[in-house]
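Here is a short report on one protein chain. Look over the sequence and the fold first, then read on.

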Amino acid sequence: MVNSIICAAIAAVFATLTTAVPTANTYHKCPVIIEGRIPQSTPLSTFDTTSSPFSSTHVKGYNLNWSSILQFPPIVPSKFDYPSSKAVEVSITNSSVFLSGGKNMQYGFRRAELIMGNGSDATNVGVKTFHWSVKQDEGRSMNLSHEYMNVWHEANDYASNQFSVNAGVILEQDAPKQAGNGSVSGVGMDRKLWKVLDRKNNVIWSTAIVSDEWQNWGIKVDYIKNTLQVFYSESYDPLEAVTEPITNDNSGGGQFHVGMLKKPTNTTSVVWDGYQESPIHEGQIYGGIFVEDSARNCLTK
């Protein structure tokens, strides 16, 4: 009964759209390496098991289950989800404190991230494009006086990211590590911008956080040439290149994170200390999550 109500609600929303929605044959599809799109029939309980397309154990608050963190909002699917997959919302609360290494609570952060890959899988070689779409939940908005990491590819050393997409007020601790790509710092940039950071924390592209549309992303990681390239669109428009290939250190393997990592203010270590307001009830809606092989310039747009 609940599923039928949700499906009817989504169909009703589609009926009111004036923007062209995608069809099953809208896109040229490249080989998918890891699939993170959620079939319409998937229950939340799947995310607590090894049947989940994401890690069932990481990264989430201590003693929390994914089925209590996630929800399926009754909204129109993103461009790469339609017609057979659905959106998923990742939320954080006061309880979203991760136990690191089985012994240390990361009290500086509030975090919940869906993770794809194992650090040495096929998404870490050749040329791969990491896809996702994100939409804002106006009832559970981010507090942009904080810095957020929303999507990133974390290196296996856990000390750096090949790329990240951040929002809010960038901390001084996250200024560029050294010269490169123009050394454009996110510190002091408008908090209402998405900021794409390279391995050295240089901002290589930015755009406004849109409140009422899907924002679609593709980041092409060329492990052979050591470059990044950003692709972007809104609603159901095709992705377009918004940067040229940019030199970047793509070494070290890693995993793809999609979700929310809210950093503290008034902090020294960032990870272990700092201020987080209370209560926290925030969420980000995601869809169209997958990683594809972009050899031979193949890219799903």
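The torsion about the S-S bond of C30 and C298 is about -105°, so the disulfide is left-handed. The sulfur atoms of C30 and C298 sit 1.9 Å apart. A disulfide here is a pair of cysteine sulfur atoms within 2.5 Å. A search of the whole structure finds one. C30 lies in the loop between α1 (2-16) and β1 (32-35), and C298 in the segment after β19 (281-293), so the pair ties together parts that are 268 residues apart in sequence. Helices (H or I, at least four residues) and strands (E, at least two) are DSSP runs, numbered from the N terminus. C30 counts as buried, at 6% relative accessibility. C298 is buried as well, at 13%. Buried means under 20% relative accessible area, exposed over 50%, partly exposed in between (1.4 Å probe, protein chains only).

This is a predicted model: local features need pLDDT of at least 70, side-chain atom pairs count only at pLDDT 80 or more, and totals for chains, interfaces and linings use all residues. Residues are numbered from 1 along each chain as its sequence is written, and side-chain values use heavy atoms, with hydrogens and water left out.

**The chain overall**

The secondary structure comes to two helices and 19 strands. Buried residues make up 55% of the 301 residues. Contact means heavy atoms within 4.5 Å. Of the contacts with a separation of 6 or more, 66% join residues 24 or more positions apart.

**Salt bridges**

A salt bridge is a side-chain nitrogen of Lys or Arg within 4 Å of a carboxyl oxygen of Asp or Glu. The count comes to eight.

| Pair | Closest N and O atoms |
|---|---|
| E89 and R140 | 3.4 Å |
| R199 and D249 | 3.8 Å |
| E277 and K262 | 2.5 Å |

E89 is in strand β5 (residues 88-93), and R140 is in the loop between β9 (127-136) and β10 (147-155), 51 residues apart. E89 is buried, with a relative accessible area of 1%. R140 is buried too, at 18%. R199 is buried at 12%, whereas D249 is partly exposed at 36%. Both E277 and K262 are buried. E147, D174 and K263 are linked in a network of salt bridges.

**A buried lysine**

K195 lies in strand β12 (residues 193-197). The side chain of K195 reaches the backbone oxygen of L193 at 2.9 Å. It also reaches the backbone oxygen of G168 at 3.1 Å. G168 is found in strand β11 (residues 161-168), and is buried, with a relative accessible area of 0%.

**Aromatic pairs**

Rings of Phe, Tyr and Trp (its six-membered ring) pair if their centres lie within 6.5 Å; planes under 30 degrees apart count as stacked, over 60 as edge-to-face and the rest as tilted. The structure holds ten such pairs. F47 and F54 are stacked: 6.3 Å centre to centre, 10° between the planes. F47 is buried at 1%, and F54 at 5%. Ring pairs also link F130, W132, F163, W205, W217, Y232 and F256 into a cluster.

How values were computed. A polar contact is a pair of N or O atoms within 3.5 Å; within protein, one must be able to donate a hydrogen and the other to accept it, and residues adjacent in sequence count only if both atoms are side-chain atoms.
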